[in-house]
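Thanks for making time this morning. I would like to walk you through one model, and I will go region by region.

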Amino acid sequence: MFKRKKHSTFEAHIPLTKLFKKADGATKASYIIMGAANIANKQYLKGFIFLLLEISWVAWLFTTGLKAYHNMITLGTHAQGLVYDKKLGISVLKTGDNSMLLLLWGMLAVIITVLFILLYRANLGSARKIWELKQDGETLPTLKQDLASLLDEKMHVTLMAIPMTGVLFFTILPLIYMIAIAFTSYDHNHLPPKNLFSWVGFANFGNVISGQMANTFFPVLAWTLIWAVAATVTSFFFGVILAMMINAKGIKGKKVFRTIFILTMAIPAFISLLIMNNMFADGGLVNTLLINSGLIKTSLPFFTNPLFAKFTIIVVNLWIGIPATMLVTTGILQNQSEEQIEAAEIDGANKFQIFRSITFPQIVFVMAPSLIQQFIGNVNNFNVIYLLTGGGPANSNYYGAGSTDLLITWLYNLTLNTADYNLASVIGILIFILSATFSLIAYKKISNSGMEA
């Protein structure tokens with residue numbers, strides 16, 4: 001009689017939908033009672049663990065889960081307020097629902113349900129494996145063998161269990177919660193526990209893009225893009241020039257010059273920015289020296305004039321951005337093919353032509369991923385703006401933002417200063433969309449250009 005081939009690790013399993021029609025009773029029972037196939041085939045510990053987790057989830061669902069889902073939908077129905085107490089003869093404060101906590105517990109309930117679904121699929125996968133092994137006439141693994149596999153071929157699953165749990169509850173849950181806030185009315189007028197907030201759909205996005213917040217969003221977005229492009233391009237351009245100057249033939253003390261610029265990277269950026277803030281203040285070192293030398297009569301408005309402040313920020317950022325670009329460019333120049341340059345010189349090319357046609361394209365190709373990363377980093381460069389200008393000078397035409405605020409610092413102000421958490425969440429989502437879109441397009445172009453090369 002024809003004998004079935006043994007299943008290899010690379011062979012596709014039978015789909016779970018078809019398994020129910022073909023499998024035996026114990027396997028079919030696993031679709032309702034988790035662990036039934038394991039218990040029926042004497043894998044008692046694994047089977048009882050599956051069954052216990054199913055019972056626990058069902059108990060949680062009917063005692064807490066359904067209520068958490070309901071509260072997440074309503075976000076509370078009883079607001080905090082004064083209620084007259086007949087016994088005391090006065091009004092007392094009655095605690096109401098906390099929309100913030102109800103939303104958080106609802107999000108947690110969703111994650112617990114998703115984890116149970118994954119556990120349910122693992123139960124069906126275990127039942128399918130047992131059925132396939134029995135069909136092939138193979139011996140079922142014992143408890144000892146299952147435990148040994150967790151320290152052997154499934155070692156990666158064992159090691160990743162704890163980190164993934166941390167990521168789930170300390171990264172994914174807050175992220176989902178932040179996204180959900182964007183679709184609520186959680187602002188300074190609806191602060192829990194005193195007030196309730198509710199679901200408002202895409203109203204906040206409409207408010208930011210085409211409503212009252214548009215007069216602030218688009219100017220801040222424009223300055224964010226101008227800043228990100230200017231900061232990235234100037235740091236790259238001057239960093240390349242500095243590296244070319246240091247590595248030019250005939251320059252002595254190259255190691256000394258490199259060490260000097262590396263020292264600027266050794267000092268934490270926030271210290272440098274705070275020093276620069278004091279230096280360019282109205283009564284700071286720069287204005288004092290210029291006035292004492294007779295070049296100016298009154299202090300230059302480095303941080304009090306919007307245009308001056310933006311220009312100052314870009315210039316100060318060079319102190320932080322140039323050394324990193326210089327180091328990377330130095331590595332590229334030191335690994336450049338001397339034969340290629342000598343061949344170009346023999347053909348009559350001058351130094352500028354060699355730089356334009358050979359050196360610069362190589363630098364751009366190698367540093368392209370780094371430039372993309374720098375651009376995204378500058379879009380979210382909170383430190384430079386916050387420590388230099390604090391977003392100032394103030395702009396009465398903007399809501400919660402100053403003339404030099406980026407989207408990320410405006411988000412900060414909306415969160416801590418004006419308590420408009422829903423608008424801040426919308427801004428966070430839009431920043432992510434902007435960064436992700438640019439990254440995908442840029443990396444795709446790099447990939448295509450690399451394939452053409």
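**Confidence first**

For the chain, the average pLDDT is 88, and 94% of the residues score at least 70. This is a predicted model, in which local features need pLDDT of at least 70 and side-chain atom pairs count only at pLDDT 80 or more, while totals for chains, interfaces and linings use all residues. Residues are numbered from 1 along each chain as its sequence is written, and side-chain values use heavy atoms, with hydrogens and water left out.

Let me turn to helix H5, which spans 99-135; helices (H or I, at least four residues) and strands (E, at least two) are DSSP runs, numbered from the N terminus. Leaving aside residues up to four places away in sequence, Met107 touches Met72, Leu173, Ile176, Tyr177 and Ala180. Its C-alpha atom is separated by 8.7 Å from that of Ala68, and Met107 and Ala68 are 39 residues apart along the chain.

Which elements give two or more residues to the nonpolar patch? The patch itself covers about 560 Å² of surface and is made by Val110, Val114, Leu115, Leu118, Phe169 and Phe170. The elements are helix H5 and helix H7 (155-181), and H5 gives the most, with 4 residues. Phe169, placed in helix H7, is partly exposed, with a relative accessible area of 32%.

Now the aromatic rings. Rings of Phe, Tyr and Trp (its six-membered ring) pair if their centres lie within 6.5 Å, and planes under 30 degrees apart count as stacked, over 60 as edge-to-face and the rest as tilted; by this rule the count comes to 17 aromatic pairs. Among them is the edge-to-face pair of Phe302 and Phe308, at 5.9 Å centre to centre with 85° between the planes. Phe302 is buried at a relative accessible area of 9%, whereas Phe308 is partly exposed at 30%. Phe183, Phe202 and Phe205 form one aromatic cluster.

Finally, some backbone details. The peptide bond from Pro192 to Pro193 is cis, with omega near 5°, and Pro193 lies in the loop between H7 and helix H8 (203-209). The bond from Gly392 to Pro393 is also cis, with omega near 0°, and Pro393 is found in the loop between helix H16 (382-388) and helix H17 (407-416). Leu75, in the loop between helix H4 (44-74) and strand E1 (81-85), has a positive phi of about 60° although it is not a glycine, and Leu75 counts as buried at 0% relative accessibility.

Note on methods. Buried means under 20% relative accessible area, exposed over 50%, partly exposed in between (1.4 Å probe, protein chains only). Patches are made of residues with over 30% relative accessible area and no salt bridge: like charges are joined within 9 Å, nonpolar side chains (Val, Leu, Ile, Met, Phe, Trp, Tyr) within 5 Å. Accessible areas come from the Shrake-Rupley method with a 1.4 Å probe; for residues, only the protein chains shown count as cover. A salt bridge is a side-chain nitrogen of Lys or Arg within 4 Å of a carboxyl oxygen of Asp or Glu. pLDDT is the predictor's confidence in each residue, from 0 to 100. Contact means heavy atoms within 4.5 Å.
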